[in-house]
Amino acid sequence: MITVEHLTKRYGEHVAVDDVSFRCEPGTVTGFLGPNGAGKSTTMRMICGLTPSTRGSSAIQGVPYRQLGNPGRHVGVLLDAAAQHAGRSGRETLALCARVLDVDRARVEELLTLVGLSDPAAKRRVGGYSFGMRQRLGVAQALLGDPAVLILDEPTSGLDPEGVYQMRTLLRDFADRGGTVLLSSHQLREIEAVADRIVMIAKGRVVADGAKGDLLTTSGGTRVVGLDPVALRTALVAAALPHRPADPAGAYLVDAPAEAVGRAAAHAGVVLVDLRPAEHEGLEEMFLSLINSVPQEIGS
Ligand code: ADP
């Protein structure tokens, strides 16, 4: 369990994180979604005791990170995969970490296999690793102490599609076994593919927080394609239904139920070739509109 209450971080006049509160429950993956600069890393660094908060508090299993005894046994953290020691091999990195955490050495080999860094990769110096390999090593390091909680900042960046799939499976398994996962991403698709809950943050503020299914449902909207896109657009304007162009060219996302869109088209005599709930696109639209709805100058 992770609890975050009113966390706030100011850098001078700039408010990087503004009164952020949320909870991550055992058995769930919570996706922490927001564009670059939204305040995800700063929030995670505050949860992990690396950046002092200006205000607010956070706890892991009910205890502030800095008060956890042997924290790596409770929470696995991946905040900056580039921060690994370049001169050690992947295996040496994990072996050293195992000693610090007082973990059985056999776990090192298990984890190297789990994250796809068996020999010869395990023998190579980390300085020669790609960013994706460093991410894999960082995740292995996070899992080493067999923690109940994982906090991972953009763990899939730098991974190839197979690596992304493996990471998702690994996180899903971890949560299904009762673990608590908080993972950040600036990509909606990444979060959507693995998270049970979504906390969206924009310009330091939480703009949405809920079960993924609920957010998808409330996003509503309809995707529509007409035989004649210009006539369809005219019909949507005439019916005063808010809409915007979508892919492929000629398609529209409409902020209205399918029936209202169908009626508007019928009224104008427009032939429709596609009419359905805009689930996927709806969430994306919501993400973009929520981000844009936050005032530019926060805390000023
Ligand atoms: P994200 O992880 O969502 O990309 P960050 O948490 O890294 O966002 O950054 C949030 C905001 O805080 C950004 O505007 C960033 O420039 C600012 N920021 C982060 N760290 C510092 C720092 N050490 N000093 C000043 N500003 C910072």
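The model is predicted, so local features need pLDDT of at least 70 and side-chain atom pairs count only at pLDDT 80 or more, while totals for chains, interfaces and linings use all residues. Residues are numbered from 1 along each chain as its sequence is written, and side-chain values use heavy atoms, with hydrogens and water left out.

**The ligand**

Around the ligand stand Tyr11, His14, Ala16, Pro35, Asn36, Gly37, Ala38, Gly39, Lys40, Ser41 and Thr42; a residue is near a molecule if one of its heavy atoms lies within 4 Å of it.

| Residue | Atom of the residue | Distance to a ligand oxygen atom |
|---|---|---|
| Glycine 39 | backbone N or O | 2.9 Å |
| Lysine 40 | polar side-chain atom | 2.8 Å |
| Threonine 42 | polar side-chain atom | 2.5 Å |

The ligand taken alone exposes 560 Å², of which the protein buries 59% (Shrake-Rupley method, 1.4 Å probe). Strand S2 (14–24) and helix H1 (40–47) are the elements that give two or more residues to the shell. Helices (H or I, at least four residues) and strands (E, at least two) are DSSP runs, numbered from the N terminus. H1 supplies the largest share of the shell, 3 residues.

By class, the shell holds 4 nonpolar, 6 polar and 1 charged residues. Here Ala, Val, Leu, Ile, Met, Phe, Trp, Tyr, Cys and Pro count as nonpolar, Asp, Glu, Lys and Arg as charged, and the others, Gly among them, as polar.

**Glutamate 192**

Glutamate 192 belongs to helix H6 (residues 188–194). Its relative accessible area is 11%, so glutamate 192 is buried (under 20%; exposed is over 50%, partly exposed in between; 1.4 Å probe, protein chains only). Glutamate 192 and glycine 31 are 161 residues apart in sequence, and their C-alpha atoms are 7.9 Å apart in space.

How values were computed: Polar contact = N/O pair within 3.5 Å; in protein donor to acceptor, adjacent residues only side chain to side chain.
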